[in-house]
Amino acid sequence: MATDAFQLKGSLFTLTVLQLHQADMDSLTHQLDRLVQQAPKFFQHTPVVIDLQAVQQVNGAIDFAQLADQLRQRGMIPVGVRNGSTAQQQAAIAAKFAILNATTSKAESHPGDTAVESSVTSMPNKPSLMIHKPIRSGQQVYAQGGDLIVTAPVSQGAELLADGNIHIYAALRGRALAGIQGDSQARIFCQHLAAELVSIAGHYMVNEALQQVSYNKPHQIYLAADKLLISPLG
Amino acid sequence: MSEIIVVTSGKGGVGKTTTSAAIAAGLAKQGHKTVVIDFDVGLRNLDIVMGCERRVVYDFVNIIHGEAALSQTLIKDKREPNLFILPASQTRDKEALTLDGVGRVLEELKQQFSYIICDSPAGIETGALMAMYYADRAIVVTNPEVSSVRDSDRILGILASKTRRAEQGETPISEHLLLTRYSLERVATGEMLSVQDVQEILAVPLLGVIPESKAVLRASNTGTPVIFDETSDAGQAYSDAVERLLGKDKPHRFIGEKKKGLFRRLFDRSKEEQLA
């Protein structure tokens, strides 16, 4: 029996939306340059949708071909437009843009906002993830958005991850990474420090270095002035 | 009510097959109808350790593929009327096993046997996963050295996540630690981990400690499960382990007095070396 060469399926994607506030190409390219300079890697091969809602009423045509060209030069991949006027949509189609369904964005956009939203958002207060069984070599536990509490030993080769703090009321012999979304206030507490690696908000220390400091006793690990500190408890 | 017990370890050469043979023979000696299955397809050894290698006609893979009946395939032990062996295929590989097929064979065995012992191959791949999937209990065989302990730890993690009981949210598999090749002298000199050290790391109830013994090699070579050698230390240690498995409370022998201190440093140092 012959099988089909392909199958069509619907899928949802999160795309970066560039909300156009003015039709002026010079100020646009200027801002783009600044943005790309800040985070060059971030915009490499990023698909971008142009939102035209704010410039629907603007007189004078937008040069979509040039807009696409400018975006491509900076590594982005323009894929489509939305919320344009009929004339703008025609022009966009001519410049090989896709027309995406017009959706009204939930939040009112304000001129002056940059296209990329700040990545630092306050952490919602999620309940802690509690584990009462030993965490074995090869196992990984992630407490997303909150603290991780473990009341059993954590073996060598096991990995604990938390957006918040990590508490271990037993021996920590594996890896523990707290504040992995960047919370530098996060801390690690353990009854018996014999970790392979500890990390807070990306600042880490491996076993070799840990043995220089102190070992095998109750400890807390935290960040102070971007430096990982380990202090005995009790 | 029959029970499926997997004998596993992660690491090879720690004594899984020796243990499977001894525990199965021990359970049979206690009057329980027992079958021991070799899951090490392609590298079968259990038939040799059980001394029935010249009586193998069909094998486990034949049954799964419907090429032979269970009654044709099971080999009856000549010493113990309650003991049967289901050999592995030597010409196939682990991919010949399927979860469905293994499940069907185990279901059929449950009709006749009180205990089904699954001798797992080393590793954490298909063969090992098949051997543990349907288990009710697990005997984790560990040597008192760091790499074996780490592999056992890994297997314990897999037992708690990738088995039928774990997937269906039933009561977890009950885990037993069996420490083999234990040498009191080498523990005393700090060359080997002590029982306490291993238990501290693995946090699993101790089923038994089998001393390093010449009787084990002799037993393997003659095709007699070591538990039949009632005068040997290893045979006695396995007998104790079987009794504990059946729920009896027996004090541990062959573990000597508590020993700590020197080892701790050695263990930490070897860990340091692994990381370096």
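**View 1. N83(A) is a buried residue, with a relative accessible area of 5%.** Buried means under 20% relative accessible area, exposed over 50%, and partly exposed in between (1.4 Å probe, protein chains only). This is a predicted model, in which local features need pLDDT of at least 70, side-chain atom pairs count only at pLDDT 80 or more, and totals for chains, interfaces and linings use all residues. Residues are numbered from 1 along each chain as its sequence is written, chains are lettered from A and ligands numbered from 1 in the order in which they are written, and side-chain values use heavy atoms, without hydrogens and water. N83(A) sits in the loop between strand 3 (77–82) and helix 3 (86–94) of chain A. Helices (H or I, at least four residues) and strands (E, at least two) are DSSP runs, numbered from the N terminus. The phi of N83(A) is positive, near 60°, in a residue other than glycine. Most residues other than glycine have a negative phi.

**View 2. A201(A) also has a positive phi, near 45°.** This residue lies in the loop between strand 12 (197–200) and strand 13 (203–206) of chain A. A201(A) is partly exposed, at 22% relative accessibility.

**View 3. Strand 6 (residues 140–143) of chain A has a covered and an uncovered face.** V141(A) and A143(A) make up the covered face. Q140(A) and Y142(A) belong to the uncovered one. Strand 6 pairs in the parallel sense with strand 8 (residues 159–162) of chain A, over four bridges. Two strands pair if DSSP finds at least two bridges between them. Q140(A) has E159(A) as its bridge partner in strand 8 of chain A.

**View 4. Chain B holds an open sheet of eight strands, with mixed pairing.** The strand order is 3-4-2-5-1-6-7-8. Strand 3 (75–76) and strand 8 (206–211) of chain B are the edge strands, each pairing on one side only. Strand 2 (residues 34–38) and strand 5 (residues 115–119) of chain B run parallel, joined by five bridges. T34(B) stands opposite Y115(B) in strand 5 of chain B.

**View 5. A nonpolar patch lies on the surface of chain A.** Its members are F13(A), L15(A), I77(A), V79(A) and L100(A), with about 430 Å² of accessible area together. Accessible areas come from the Shrake-Rupley method with a 1.4 Å probe. Nonpolar side chains (Val, Leu, Ile, Met, Phe, Trp, Tyr) are joined within 5 Å. L100(A) is partly exposed, at 33% relative accessibility. The loop that holds L100(A) runs between strand 4 (98–99) and strand 5 (129–131) of chain A.

Conventions. Patches are made of residues with over 30% relative accessible area and no salt bridge: like charges are joined within 9 Å, nonpolar side chains (Val, Leu, Ile, Met, Phe, Trp, Tyr) within 5 Å. A salt bridge is a side-chain nitrogen of Lys or Arg within 4 Å of a carboxyl oxygen of Asp or Glu.
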